[in-house]
Amino acid sequence: MGAAPGYRPSAWVHLLHQLPRADFQLHPVPSGFAPQEQEYQQALLLVAALAGLGLGLSLIFIAVYLIRFCCCRPPEPPGAKSPPPGGGCVTWSCIAALLVGCAGIGIGFYGNSETSDGVSQLSSALLHANHTLSAIDHLVLEMVERLGEAVRTELTSLEEVLAQRTELVAAARGARRQAEAMAQQLQGLAFWRGVPLSPLQVAEDVSFVEEYRWLAYVLLLLLELLVCLFTLLGLAKQSKWLVIVMTVMSLLVLVLSWGSMGLEAAAAVGLSDFCSSPDAYILNLTQEETGLDSDILNYYFLCNQAVSNPFQQRLTLSQRALANIHSQLQGLEREAVPQFPDAQKPLLSLEETLNVTEGNFHQLVALLHCRGLHKAQSLWAPPQPCVHWQDYGAALRGLCEDALEGLLFLLLFSLLSAGALATALCSLPRAWALFPPSDDYDDTDDDDPFNPQVVGPWGWGRGWGPAPQAQTPPCPLPNLPAGIQALCAVAVIHLSPSSTPD
């Protein structure tokens, strides 16, 4: 089967597609995309379960490390005020891990944007396909209605006017038969009419799911960013309560990171299987949902010279019928109008109807070509087969290149986030153990006049109330003469912190 135009599987698709797969019994599973098969579903669930295994191992490692830190820590000597050796290394390792987590958050924002762009490109391609199919149905319906109206009114009136000439009536009836045959051929060109599958509905469903996926990842990224920033703030201010709260939040974000990693890994592997050979799966699924012939689907999905246009015969017969109608009406205009002037009005009306029908027919031919699903143009714009906007290949590129690349960046974000948070959870308890102990007056203000610990210039606290009475200290040299002892006592009073200034 040929490849879709404008799409080639990328190196990431080939790499992920070559990874081995196994079901719950560890039996090998083919890497072909088959989401309806139970073995393939089990293989993707097993890929997601690897993230759960990583979460369990990381939690066990963190628990063992913290238990060892709490139970096997050597006792501190009494009166020790200096931090134990290695304390700065613990704090800086925690800070480095949090900075790595912040870098991973930037990668996550980029991956989320890339995934959203790829899915948006897919939705745009579906919307354009719906526009093209609706345009085909509209043009066919309009031409059939115009031809039917011409048969009922103008040709009937023309036959009544030309009733006296049998050969002219036969020519008018021949034009009627050609118009009816053309209308019958045109009705078979509206191949999408009555199909239960609507590209518009699929595009709306895809956009709806993508909006909530994008919002969920933005909230996860913002949550981890806040945890990292507030943890760094707690380390900088040496606030134990803030560090403890952020430790609990880090444990929650760690679980979310491993969970998102499992979803991203399973989605990336499944998407790589789909993108390695998308045509077969899309053709089979579309045929099941729509019931269309495989010739039509192959023609539109592949769009190459190896597949012929399944509508070519109907288009040829319609073109021939349209040319015959023109030829018969021109002959009637030459022969009937000189003899029957009343025939001129219905003939002019028929010519106008045929001109409009011919213009619509040429536009229908352009839309029915497989490239009609590969360009965007107005319903009434002239066909421009060289102008492309969104097509089947562009939809595959958006899904298999941009979206897959975004998933891989999100997977890298989850991996960096899990590693950084696990390191932080091991380092934070040791970091807050190094914080200096807080006393009862840590939060008091030195300028507070009601602070009893602030000593004023007069030797007592600056609270309200009388100053404490200072007792005269004895002279340190009692064996001196009495006069010298008196001078010594006065000097001690003036030099004492509790003495009152003059």
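Q: Which residue forms a salt bridge with Glu210?
A: This is a predicted model, in which local features need pLDDT of at least 70 and side-chain atom pairs count only at pLDDT 80 or more, while totals for chains, interfaces and linings use all residues. Residues are numbered from 1 along each chain as its sequence is written, and side-chain values use heavy atoms, with hydrogens and water left out. A salt bridge is a side-chain nitrogen of Lys or Arg within 4 Å of a carboxyl oxygen of Asp or Glu. The closest N and O atoms are 2.8 Å apart, and the partner of Glu210 is Arg213.

Q: Is Glu210 buried or exposed?
A: Buried means under 20% relative accessible area, exposed over 50%, and partly exposed in between (1.4 Å probe, protein chains only). The relative accessible area of Glu210 is 8%, so this residue is buried.

Q: Which residue forms a salt bridge with Asp273, and where does that residue lie?
A: Side chains of opposite charge can pair when their charged atoms come close. The closest N and O atoms of Asp273 and its partner, Arg21, are 2.7 Å apart, and both residues are buried. The pair links distant parts of the chain, 252 residues apart, with Asp273 in helix α7 and Arg21 in the loop between α1 and α2.

Q: How many aromatic pairs does the structure hold?
A: Rings of Phe, Tyr and Trp (its six-membered ring) pair if their centres lie within 6.5 Å; planes under 30 degrees apart count as stacked, over 60 as edge-to-face and the rest as tilted. By this rule, the number of aromatic pairs in the structure is 13.

Q: What kind of pair do the rings of Phe33 and Tyr40 form?
A: The ring centres of Phe33 and Tyr40 are 5.9 Å apart. Phe33 is partly exposed, at a relative accessible area of 25%, whereas Tyr40 is buried, at 2%. Since the planes of the two rings stand at 80°, the pair of Phe33 and Tyr40 is edge-to-face.

Q: How many residues apart are Phe33 and Phe274?
A: The rings of Phe33 and Phe274 also make an edge-to-face pair, with centres 5.5 Å apart and planes at 70°. Phe33 sits in the loop between α1 (11-17) and α2, and Phe274 in helix α7 (residues 240-276), so that this pair links distant parts of the chain, 241 residues apart.

Q: Which element gives the largest share of the lining of the largest pocket?
A: A pocket is found on a 1 Å grid over the protein atoms alone, as an open set of points where a 1.4 Å probe fits, with protein on both sides within 12 Å along at least five of seven lines; lining residues have an atom within 4 Å of a point. The largest pocket is lined by 47 residues, and Leu122, Leu126, Val202, Val206 and Leu399 lie nearest its centre. The largest share of this lining, 8 residues, comes from α3.

Conventions:
Helices (H or I, at least four residues) and strands (E, at least two) are DSSP runs, numbered from the N terminus.
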